[in-house]
Amino acid sequence: MQKNIEMKYNRRIFPIYKGLAWDPLFYGAIIILFLTEVKGIEISKIMYAESLYAFFLLIFQLPASIIIERIGSRKSLILGCTLVTIQIAMMMIAKNFTFLVLAYSFSAFGTAIKETAQYTLLYDSTNLCKGKNSFENVDAKGSSVSYIFNATSSVMAGYLYIVNPYLPITLSSIVSLITVVISFRFEELHEKNQKRITMAESLKELKQGLRFIAQSKRLRALLLFIAFFSGILIMVCTYEKSLLQDLNVGSQYFGIIFAILTLLQCFSVQYQDKIHNKFKNKTLAFLAIPIFTSFIFIGLINFAGSNKFIIISIIIIAFFVQHFLRAPYWVLQNKYVTNFTNSDIRTKILSATEIIEGIGRIIFSFLGGLLLEYYNTSQSYAIMGIAGMIILFFILKYMKKRVGLSPEEYNKKDIEYIN
C-alpha cells in the first residue's frame, strides 16, 4: 500500500521535474551570445568545447551506471542535477576555453547520471501502470511541459539579456537549483537486494551489444546513419545561434525565434507515427534530405546581396524545415534501433547506440568548429550541406538492402540475438 502511494507521488511530480530539468530554461537561446559577446570566447572554440563535452558524456556513461546502481535513482538524480546546476553557474565566471571545458565536464557527468536516473526512477514508478499513468504517457506529459516552459523562457531570456546579460544565466541557475530541490522530493523505489553490477560486468554488457551490432548488417547500416545524422543535428544547434549573430539579429528576437521553433517541434513530434506509416523504409531519407537541402539554401544567402527580406526569408524557411523534421526523427530513431529486440539485448543495444551516437557528435562538433575557423557561418552551412548530401547519398544507398525490410527478408543474424 505504502509503495503504491510513493509510486503515485513520483508520477505526479515527474512532469514538473522534467519540465524544468530536461533542457535548462533561460539558457539555450542566449548562451552563445553570452559566451561570445560578454566572455569574448570565439565561436569555433565553443564548438571545440562542445565536442569535448560529447567525449566526456561518453566516458562518464559507465561510471554513471555504477553510481546509480550503488546509491539508488533518487540520490543519483540529486547528484546529477547538482552537477548541472554548478555548470550553469560556472558560465557566469567563464574566462577562457580551458574554463569552459572544465564547466562542460561537470555538465557531462551530471547529465550522464541524471538522464539515466530519472528514467530508472520513472520506470520503477510506472511498471505496473497502463493508460494515462504508463511510462510513455507520464514521460510525454513531462516533455509537453518542457516545451511550453522553454518557449516562454526563451522569449523572456532575449529581453532580459538586453537589460543585463547575466540575468538569464542567473535565472537558469536558480531554476536548475529548484530541480535539485524537486529531486529530494522523489521517493526511492529501487530494490536494495538486487545484485550490484561492477564496472567489468558493465563493460561486458556493452561489448555484447557492440558484438551484436557488428554481426547485424541491419544495425551496422542504421547506426552509421544515426552517428552521421544525429551528430549533424546536434552540431547545427550552435550554428543556428551563430548565423543569427552574424546577421546582427537582436537578442530579444533570439528568444522569440527559438520559442516559435520549440513550439513547432512540440507540434510536429505528434506526427512521427504518421510519417513512419506513410514513408515506411524511406522515412529516414524523407527526414534527412530536406534538412541538408535547407543547409545549402542557407549558404545561398551569401549571394543575396544586401536584401534583408530575402536573407531572413531563406533562414526562417530553412529553420522551420529543420525543426519540424528533427523532432519526429529523435523519436523514430529509438523506435528503429529497438525493433526486433528483446529484454536480453535491448539495454545492450541502447547503450551501444549511445556510444556510437556520441562518437558522431564528437566528430561533427569538432569539424563544425574547424569550418568556423576559416569560413563564416553561412559558408560553413553551404559546405556542410553539399558535403553532407553527398555522404548521405552513399549512406542511404548502403542502407537500401539492409534497413527497412520485412522480418522474413532478414538473415537471422541481423535481427535475432543469441546469448
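The questions and answers below cover the fold, cavities, pockets and selected residues of a predicted model. In this predicted model, local features need pLDDT of at least 70 and side-chain atom pairs count only at pLDDT 80 or more, while totals for chains, interfaces and linings use all residues. Residues are numbered from 1 along each chain as its sequence is written, and side-chain values use heavy atoms, with hydrogens and water left out.

Q: How many helices and strands does the protein have?
A: Secondary structure is taken from DSSP runs numbered from the N terminus, with helices being H or I of at least four residues and strands being E of at least two. On that basis the protein has 17 helices and 0 strands.

Q: What percentage of the residues of the protein count as buried?
A: Buried means under 20% relative accessible area, exposed means over 50%, and partly exposed lies in between, with a 1.4 Å probe and protein chains only. The protein has 419 residues, and the buried share is 52%.

Q: Among contacts between residues at least 6 apart in sequence, what percentage join residues at least 24 apart?
A: A contact means heavy atoms within 4.5 Å. For the contacts in question, the percentage is 86%.

Q: Which helix supplies the largest share of the lining of the largest cavity?
A: A cavity is a set of points on a 1 Å grid over the protein atoms alone where a 1.4 Å probe fits but cannot get out, and lining residues have an atom within 4 Å of a point. The structure holds 2 cavities of 30 Å³ or more. Helix H1 (2-21), helix H5 (73-90) and helix H8 (166-185) each supply at least two lining residues of the largest cavity. The largest share, 4 residues, comes from H8.

Q: What is the volume of the largest cavity?
A: Grid points are joined across faces, edges and corners, and a volume is the space filled by probe spheres set on the points. The lining includes Leu20, Cys81, Lys114 and Thr179, and its residues divide into 8 nonpolar, 3 polar and 1 charged. In this classification Ala, Val, Leu, Ile, Met, Phe, Trp, Tyr, Cys and Pro are nonpolar, Asp, Glu, Lys and Arg are charged, and the others, Gly among them, are polar. The volume of the largest cavity is about 70 Å³.

Q: What is the volume of the second largest pocket?
A: A pocket is an open set of grid points with protein on both sides within 12 Å along at least five of seven lines. The second largest pocket is lined by 20 residues, of which Lys280, Asn281, Lys282, Val403 and Gly404 lie nearest its centre. By class, the lining has 10 nonpolar, 5 polar and 5 charged residues. The volume of this pocket is about 630 Å³.

Q: Is Lys280 buried, partly exposed or exposed?
A: Lys280 is found in the loop between H12 and H13. Phi of Lys280 is near 50°, a positive value in a residue other than glycine. Its relative accessible area is 49%, so Lys280 is partly exposed.

Q: Why does Asn248 count as exposed?
A: Asn248 lies in the loop between helix H10 (217-246) and helix H11 (251-268). Although Asn248 is not a glycine, its phi is positive, about 60°. Asn248 counts as exposed because its relative accessible area is 69%.

Q: What distance separates the C-alpha atoms of Lys18 and Asp139?
A: Lys18 is found in helix H1 and is buried, with a relative accessible area of 2%. Not counting residues up to four places away in sequence, Lys18 touches Tyr119, Asp139, Gly142, Ser143 and Ser146. Lys18 and Asp139 are 121 residues apart along the chain, and their C-alpha atoms are separated by 8.1 Å.

Q: How many disulfides does a search of the whole structure find?
A: A disulfide is a pair of cysteine sulfur atoms within 2.5 Å. Cys237 is partly exposed at 29% relative accessible area, whereas Cys266 is buried at 18%. The number of disulfides found is 0.
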